[in-house]
Amino acid sequence: MEIIESIFDMLDKISVVTGLIAALFSVLIWIKLRRQNKRLQEIAGTSPKIENFKELVDYHKDIKTINPYALAVSLLPTTDSIKGDVERFLKGKGGEWEKMPVEELNMNGLSPESIEDFINTLRVKRRQLEAQNATEIHLFIAGPIQAGTLIGAMFDNWRPVKLYHKNQKGNYEFWCHLIK
């Protein structure tokens, strides 16, 4: 009986030591993670700001490459296409703008159920633009903001993408290029 009690006594001491070691490691890991989190927050606060944004916008306002394309995306259930509006805008700018081909992507509205179809159609359109050697994309969108976010994610780090907005007067205006 004494042997069994001494074994249990020894196991009890071993479990106490093991528990203390585990607690010590837990505290050390907690301290390390806390320091790392603090450092990451400091780094996030020191991210470089975009400087000379106005100059970048002005630089990208014009056609800068040899084979630009306009992409007219209509995702409104009330509008079949915005291609005609985009072509009128380009003709109004004159010169090399008039020669810019307009590709279109049209869907009868966008909903959570149709996002997969939209993304797949957008991928096909991107491949077509690559096959046509498009060197920059002038993007015109009529649809929900979620579509713009998806397009931005799809076209990120690809060709220069220039974003246009239809103002309250019904005229398109260049806002900026797709930047990080």
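Analyst: A residue is called buried when its relative accessible area is under 20%, and exposed when that area is over 50%, with partly exposed in between. Please keep in mind that this is a predicted model. By that cut-off, both Glu 136 and Lys 162 are buried.

User: What makes the pairing of Glu 136 and Lys 162 a salt bridge?

Analyst: The term asks for a side-chain nitrogen of Lys or Arg within 4 Å of a carboxyl oxygen of Asp or Glu. The side chains of Glu 136 and Lys 162 meet at 3.2 Å, N to O, so the pair falls within the 4 Å limit and is called a salt bridge. Since Glu 136 belongs to strand S3 and Lys 162 to strand S4 (residues 161–166), the pair ties together parts that are 26 residues apart in sequence.

User: How do you know that His 138 is buried?

Analyst: The relative accessibility of His 138 is 0%, and buried means under 20%, so the label follows. His 138 lies in strand S3 (residues 136–142), and its side chain is joined to that of Glu 136 by a polar contact of 2.6 Å. That distance is called a polar contact because the limit for such a pair of N or O atoms is 3.5 Å. Leaving aside neighbours within four places in sequence, the residues in contact with His 138 include Tyr 69, Trp 97, Met 100 and Lys 162.

User: Which other salt bridge ties together separate parts of the sequence, and what are the elements involved?

Analyst: The side chains of Lys 125 and Glu 103 form one, with 3.2 Å from N to O. Lys 125 lies in helix H4 and Glu 103 in strand S2 (residues 102–106), so this pair links parts that are 22 residues apart in sequence. Lys 125 and Glu 103 are both buried. The whole structure holds seven salt bridges, and Asp 85, Arg 88 and Lys 166 are linked in a network of them.

User: Why are Arg 126 and Glu 130 said to be separated by about one helical turn?

Analyst: Arg 126 and Glu 130 are four residues apart in helix H4, which is why their separation is about one helical turn. Their closest N and O atoms are 3.6 Å apart, and this counts as a salt bridge because the limit is 4 Å. Glu 130 has a relative accessibility of 31%, and because this lies between 20% and 50%, the residue is called partly exposed.

User: What makes Leu 24 exposed?

Analyst: Its relative accessible area is 53%, and exposed means over 50%, so Leu 24 qualifies.

User: Which elements give two or more residues to the largest nonpolar core?

Analyst: That core has 18 residues, and those with the most contacts inside it are Val 73, Phe 118, Ile 137 and Phe 155. The elements giving two or more residues are strand S1 (68–74), helix H4 (115–131), S3 and helix H5 (145–155), with H5 giving the most, four residues. Apart from it lies another core of 17 residues, among them Ile 63, Phe 89, Met 100 and Ala 142.

User: How do you know that Asn 157 is exposed?

Analyst: Asn 157, in the loop between H5 and S4, has a relative accessible area of 67%, and the cut-off is over 50%, so it is called exposed. Its phi is near 60 degrees, a positive value in a residue other than glycine.

How values were computed:
Residues are numbered from 1 along each chain as its sequence is written. This is a predicted model: local features need pLDDT of at least 70, side-chain atom pairs count only at pLDDT 80 or more; totals for chains, interfaces and linings use all residues. Side-chain values use heavy atoms; hydrogens and water are left out. Buried means under 20% relative accessible area, exposed over 50%, partly exposed in between (1.4 Å probe, protein chains only). A polar contact is a pair of N or O atoms within 3.5 Å; within protein, one must be able to donate a hydrogen and the other to accept it, and residues adjacent in sequence count only if both atoms are side-chain atoms. Contact means heavy atoms within 4.5 Å. A nonpolar core is a set of buried Ala, Val, Leu, Ile, Met, Phe, Trp, Tyr and Cys residues joined through side-chain atoms within 4.5 Å.
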